[in-house]
Amino acid sequence: MNRLLLALACMLVSSTFALAHHSSAMFDKSVVREVTVTVREFQWANPHVWIQIILENEDGQEEEWSIEGLGTNSLFRNGWRPNSFKAGEVIEIRFNPMHDGSHAGGFIGAKFADGRTLGTWK
Amino acid sequence: MRFIPIYLLLAFHWGAFADAAELPDWSGVWQRFEGNGGIFDPSTVKPGDGRAGSPGVRQFPPLTEAWEAKYVATLALVANDRVPDPISVCGTPAGYPRMLALPDVYEFIVRPETTWIITENGPNIMRIYTDGSELPPEGERWPTYTGNSVGHWDGEVLEFRTVSMIGEKRTILDRSGLTLSDQATVATRMYLTDEGLLRAELVIEDPLALREPWHVTRHFRRMPPGTRAYDYACAENNRNPITSSGQTLTLDSDGKVIDKVVDGEVIDNE
């Protein structure tokens, strides 16, 4: 069962999500969501990679969310690979949600079942 | 009939260039040293750690009254995230001099007759001719993203002048919305510092936008050996289109708008 945590971290500015291609103002950087999810798809492409995740909402219903990361090139130089996220994999993920509650967010970090992490995971 | 030996012709031709053996080693892959989210002039930004595009962050170049008024108006739009960045539509490059403040990596290809600045992000390609040629006459140039650049090597210092940049019509200097006009010129000096940084000193003049020359300095650091630059096609999977009002939208994996509010109207996208 997916665990849903909403961590209100006022003035939190530690997000690694600093967009190169467009404004990131749509993401609420004062809020960090940490959830256990199932990866549906990993889009390894520019200008941004996207992780499509399935999470369980508070009503127990499954929702698909789109988590946006940086571009492939800088991520590759920081240890990401085209197969870093595999469909069906269960991971923990942290992201800044959108201000308007839409089902998307800016990537902060991810932790895999074997303990590996990507991005910022403190 | 007498022929001039080819080697004499080549020697005469190459004589106009710097000696390749004396050119500096700018090989490898580089990254901008100053960050601040792409702020163009870190020396005048307030607050000092302000990021381009963040509300309340601005720079203080010697703007004319008219350009200061434009900048103030633009900053008000930036505070509401309504200043679309031209490069966000994935169709045009950043142009010069903004291309010295981009994320991702850089390559500087040095040849006696030409130096190329290649930015991975964009990408942008800028050509600086050091073959002894002059700038094209007025009737043979037009505003472009990187303009026209000619220069020369003064020892290991590349000095060049850039004109005919496209300016505010299609470029900005950073996401604070700062712009120049298409009458701007830039005199640039680039050289390696004793610390191994590649330093770019810019003197920007613009009869419309600036009261006096604007001095901007930026640096690049060399990435570890073996670092590579990669292909970057911005339109490959752009899921962030921009509305006519300047709002950046987000699309789901099927291309459907995720945002619940578009241009001030609540939409039903469930």
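## Close-ups of a predicted two-chain model

Take the contacts in chain A between residues at least 6 apart in sequence: 55% of them join residues at least 24 apart, where a contact means that two C-beta atoms, placed from the backbone, lie within 7 Å. This is a predicted model, so local features need pLDDT of at least 70 and side-chain atom pairs count only at pLDDT 80 or more, while totals for chains, interfaces and linings use all residues. Residues are numbered from 1 along each chain as its sequence is written, with chains lettered from A and ligands numbered from 1 in the order in which they are written.

**View 1. Chain A, element by element.** Chain A has 1 helix and 7 strands; these are DSSP runs numbered from the N terminus, with helices being H or I over at least four residues and strands being E over at least two. Read from the N terminus, the order is β-β-β-β-α-β-β-β. Of the 122 residues in chain A, 45% are buried. For burial, count the other C-beta atoms within 10 Å of a residue's own, again placed from the backbone: 20 or more is buried, 12 or fewer is exposed, and anything in between is partly exposed.

View 2. Chain A has a mean pLDDT of 87, and 84% of its residues reach 70 or more; pLDDT is the predictor's confidence in each residue, from 0 to 100. Residues 1-16 of chain A are another story, with pLDDT staying under 50. The model still has 32 contacts beyond four places in sequence for this stretch. Where pLDDT is low, the predicted coordinates should not be read in detail.

**View 3. Where chain A meets chain B.** Here 25 residues of chain A are in contact with 30 residues of chain B. On the chain A side, the elements giving two or more residues are strand S2 (31-43), strand S3 (50-56) and helix H1 (72-77). H1(A) gives the most, with 4 residues. Sorted by class, this side of chain A has 9 nonpolar, 13 polar and 3 charged residues. In that scheme Ala, Val, Leu, Ile, Met, Phe, Trp, Tyr, Cys and Pro are nonpolar, Asp, Glu, Lys and Arg are charged, and the others, Gly among them, are polar.

**View 4. Two domains of chain B.** The contact between them takes 5 residues from domain 1 of chain B and 6 residues from domain 2 of chain B. On the domain 1 side, that comes to 3 nonpolar, 1 polar and 1 charged residues.

**View 5. Cis prolines in chain B.** Tyr96(B) and Pro97(B) are joined by a cis peptide bond with omega about 10°. Look for Pro97(B) in the loop between helix H2 (65-79) and strand S2 (105-110) of chain B. Another cis bond, with omega about -10°, joins Gly122(B) and Pro123(B). Pro123(B) sits in the loop between strand S3 (114-119) and strand S4 (124-129) of chain B.

**View 6. Positive phi at two aspartates of chain B.** Asp104(B) is not a glycine, yet its phi is positive at about 65°. Asp104(B) lies in the loop between H2 and S2 of chain B, and it counts as buried because 22 other C-beta atoms are within 10 Å. Asp263(B) also has a positive phi, near 50°, and is found in the loop between strand S10 (261-262) and strand S11 (265-266) of chain B. Asp263(B) has 13 C-beta neighbours inside 10 Å, so it counts as partly exposed.
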